[in-house]
Amino acid sequence: MNLQFLLDGLIAGSMIGLGAIGVTLTYSILRFSNFAHGDFMAWGAYAALAVVGAIGGSLPMAPLSFGWPLLLAMVVAMGLTALLALTLDWLLFARLRARGQSIIVVMASFGASMALRSLLEFMFTSRPTYFSRAIQIAQPVGFGIRVTADQVALLLLTLALVVGMHLFMQRSQRGREMRAYSQNPALARVVGIDVDKVVRATWIIGAALACASGVMVGVLVQIRPLMGLDLLLPIFAAAILGGIGSVPGAVLGGLIIGLSEAAAVQFVGAEWRAAVAFVILMAVLLVRPMGLFGVAER
Amino acid sequence: MAAETVLEAQGLTKRFGGVAAVNGMSLSVGKGEILGLIGPNGAGKTTMFDLLAGSVGVSAGTIRLMGRDITGEPAHKRLAGGMARTFQIPRPFPELTLLENMLIARQAQTGERLWANFTAPRRIAAEEAAAKEKALGLLDLVALRRLADEPARVLSGGQRKLLELARVMMADPKVILLDEPAAGVNPALLEVLIARIQEINASGVTFVLIEHNIDMVSRLCSRIVVMAQGALLFQGRPDEVAREPRVIEAYLGGSGA
């Protein structure tokens with residue numbers, strides 16, 4: 001048996017997981033499903049591409065296909081994507097949220113998603129593009145698995161982001177406030193939590209991680225305006241599987257979805273890949289709607 | 001009143017649709033006082049607390065905290081300004097530990113700023129350690145320290161009230177509004193609660209207390225304000241209130257004087 005699917009699944013899963021962190025935080029703290037989240041990924045990837053272009057050159061650090069300009073661009077793009085999310089919140093979501101009906105906010109996020117995607121197609125055309133066209137040779141690492149240097153680097157980056165994020169949520173005062181607010185918004189207000197800052201932190205973190213995930217997809221696959229939309233269902237499935245509000249849950253959910261998709265391609269057939277996330281999503285909603293690490297609604 | 005005024009409300013009014021839940025209510029609380037706020041159900045006591053703490057906005061009137069007009073300030077600013085409140089039915093954050101519930105309530109720390117977690121980790125760590133020590137000390141005060149690492153959902157109703165009292169102390173308030181602290185608390189725990197309130201009061205903290213347990217009110221309060229139908233009915237010492245015909249009539253639901 002070829003075990004390559006395990007690695008492929010792990011990598012797809014970590015990108016899904018990074019995206020799912022933002023979805024799960026937005027859902028538990030701002031209380032709506034943000035369907036524009038996938039487009040934050042695409043915008044993040046294009047922002048990084050633009051910054052790389054502005055810096056000029058990619059200066060690859062062998063054996064990687066990219067170098068410090070891309071890492072720098074990713075950090076800048078994370079900031080820009082966060083700015084995009086904050087602007088969108090200020091223009092649209094905050095106003096609708098104030099009216100208190102979350103379904104309206106959800107619909108607005110559909111609209112925002114379409115607008116963001118169309119803007120990308122307008123600015124960059126819908127033709128796929130790449131950070132680098134260099135071809136990387138995958139090295140065998142045993143058990144029939146081959147891995148490229150980029151894949152290893154990005155898995156490590158994901159690990160660092162996830163661990164950092166988990167520590168932030170568990171140990172820092174702002175992370176604590178975010179968890180508290182998601183459990184009881186009314187109480188959070190009276191114990192003196194500055195709700196505006198919690199909302200801002202949620203957008204910044206969610207958008208920055210979406211950007212990181214988008215850049216990784218860009219490095220490992222390609223950059224397209226539709227890249228975020230294509231990942232939206234797996235991302236939501238991962239967030240719900242992991243339990244809404246749980247950062248480790250979102251990442252674990254992402255890995256499970258990624259591995260299941262890759263396994264489906266290996267054992268069932270590539271045409272079933274997209275169905276996997278959907279099947280898992282339905283199964284979780286029917287059997288254990290609070291997800292793996294979620295808490296049942298009281 | 002000889003002491004200086006800490007909290008003062010004038011002509012406070014709150015209308016919900018056409019109904020005025022609080023209607024032109026005024027009160028003033030002196031420094032170091034424990035003021036009782038009583039009245040029949042529906043008199044507007046809790047709404048009065050909501051207005052004072054900033055959970056809901058006023059329809060009319062002004063609120064002053066240590067001489068400063070805070071009428072338009074949101075709740076978290078009032079807390080930072082020195083006024084905290086507890087609830088009739090306390091609800092901690094169920095999935096946070098007791099310690100985390102305490103730490104949530106501390107005020108304006110460097111750790112709140114996203115960047116500072118990276119730029120000034122040592123200062124953050126020091127503040128965190130100091131806050132933890134203070135939180136554990138306060139949990140000790142209310143006899144909950146051994147549960148510090150348990151999620152708050154395991155607490156009984158009475159323990160939740162104690163946790164809430166400890167939590168509001170985290171912000172070093174000058175004034176604490178207590179909404180029915182005795183309701184649903186077993187007698188043994190109630191004695192602990194009364195003793196803690198007296199201790200905290202002795203350290204210079206002012207209290208306003210909504211309470212139906214008249215025994216507790218008479219033991220704690222030197223002065224009582226009686227509300228009925230959203231307005232001031234009477235105020236005076238506990239023994240004066242107990243003798244006042246209008247108060248008795250309001251409680252017994254008379255047809256009005």
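In the predicted model, the contact between the two chains draws 24 residues from chain B and 20 residues from chain A. On the side of chain B that touches chain A, helix 2 (75-80) and helix 3 (98-104) of chain B each supply at least two residues, and the largest share, four residues, comes from helix 2 of chain B.

Within chain B, strand 1 (residues 5-16) pairs with two other strands. Strand 2 (residues 19-30) of chain B runs antiparallel to strand 1 of chain B and is joined to it by nine bridges, with B:T13 having B:N23 as its bridge partner in strand 2. These two strands form a hairpin with two residues between them, and B:G17, which lies in the turn, has a positive phi of about 65°. Strand 4 (residues 60-65) of chain B is likewise antiparallel to strand 1 of chain B, to which five bridges join it; here the bridge partner of B:Q10 is B:T62.

For chain A, the unreviewed UniProt entry places the feature "transmembrane region" at residues 6-30, 42-62, 68-91, 103-120, 152-169, 203-223, 235-260 and 272-296. Among these annotated spans, residues 68-91 of chain A are 100% helix and 0% strand in the model, with end C-alpha atoms that lie 34 Å apart. Residues 103-120 of chain A are also 100% helix and 0% strand, and the end C-alpha atoms of that span are 26 Å apart.

Terms used
Residues numbered from 1 in each chain as written. Chains lettered and ligands numbered in written order. Predicted model: local features only at pLDDT ≥ 70, side-chain atom pairs only at ≥ 80, totals over all residues. Pairing = 2+ DSSP bridges. UniProt positions renumbered as here; feature names shortened; annotations may be inferred. Contact = placed C-beta atoms within 7 Å.
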